[in-house]
Amino acid sequence: TQLLAVCDPFRKKGEASKAYVEQHYAKAALAGGFAGCAAYQDYRQILARPDIDAVFIAAPENWHALISIEAMRAGKDVYCEKAISLTVAEGRAMCEAVRRYGRIFQIGTQQRSERGFRFACELALNGHLGDVHTVKVSVPGGRAVPLAAPKPPPPDLNYEMWLGPAPWTPYNDSKCTYNWYFMSDYCAGWIQSWGVHHIDIALWGQPALMASTLDLEGTAVFPTEGMANTSINWNITCTPPKGPKLIFTDDNSGEHGVRFIGDKGWVHVVRGGVRAEPEELLEARLKPADLHLQVSNHHHLDFFEAIKTRRDPVAPVEGGHAATTLTLVADIATRLQRKLTWDWKAEKFLNDPAANTLLSRAMRSPWTI
């Protein structure tokens, strides 16, 4: 592979990335030589190039659906960072685009390419824990962001391209940084963008959570001042008609992860390690007839292999959409402060038109999918 172009609405960041790429390839002996790396501020210049086969999208969530769908329409395969979309409706549109255009799509939930997460899911799926009755998911909580004074954007920033389909608001020095995670115009917060990692593993290891409907009930704490408007803390219980209940919370103590709990034991997995009770579970080995999950030991290499073979990658679009959807509907339940019932097949809440209006958002003109 060769990295032929980078794009960032901050011109200086794009130029720095271009220089880094060219320095890397200057040290590599490539058959046929290196074609060079371009730097753009408008992603459409990349999509217009016929010599580019695939793109990596690492923009804020409000851009994911729009760029992904346009890229697939242009014949590109896509690796898109999590969460897959800002809304449930956008995620559904992305699923349909992947299948309509026959493209490879990998979502950046890279825990599926770590053996520990796969092993924990396989223990839960194959009866090693007995009947799994509870899944606990905990991730770091959100934060408040102090107010910052509006000011003209810096000369090297294409601010219109930074905002994209989000509502227009004035530039300030705080928003166009890491803080966008906690502003709902660009992301639903860490209940979504961190939560999607462990929720994805919960659903991978217990697909019964997605079998029919899910009752959602819980609370959240939101900032009372400043620029952030996404949850800081939350505690949500998700209950299907059959199968385990899911308890989804924040945890700033550092003891986050996914725990599958059965009547014969539990397994807890987090980046960097797996624990179990009884400990003998860690020595378990799958039988040939057991359910074996797709193996990937490197998330980016799995994407490249999928491009070559045209098979689905380990984290396909539907998996990313399901995990993102659960984080979003959980957030909606806390915002409305009432019990909701989610219908996975219809992708709507049952008997709650007001809640269903929150499943999509209008995009700022002229952007549309």
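In what sense do strand 6 and strand 9 pair, parallel or antiparallel, and over how many bridges? They pair in the parallel sense, over six bridges; two strands count as paired if DSSP finds at least two bridges between them. Strand 9 covers residues 245-250.

Before I go on, the basis. This is a predicted model, in which local features need pLDDT of at least 70, side-chain atom pairs count only at pLDDT 80 or more, and totals for chains, interfaces and linings use all residues. Residues are numbered from 1 along each chain as its sequence is written, and side-chain values use heavy atoms, with hydrogens and water left out.

Back to strand 6, residues 132-139. Strand 10, residues 257-262, also pairs with strand 6, in the antiparallel sense and over six bridges. Look at Ser138: its bridge partner in strand 10 is Gly257, and in strand 9 Ser138 stands opposite Thr249. Six of the eight residues of strand 6 are buried, where buried means under 20% relative accessible area with a 1.4 Å probe, protein chains only.

Now the whole protein. There are 11 helices and 14 strands; these are DSSP runs, helices being H or I with at least four residues and strands E with at least two, numbered from the N terminus. Of the 369 residues, 53% count as buried. The radius of gyration is 21 Å, which agrees with the value near 21 Å for a compact globule of 369 residues; C-alpha atoms are used, and the globule rule is 2.2 Å times the number of residues to the power 0.38. Along the principal axes, the C-alpha atoms fill a box of roughly 60 × 55 × 40 Å.

Notes
Buried < 20%, exposed > 50% of the residue type's maximum accessible area, 1.4 Å probe, protein only.
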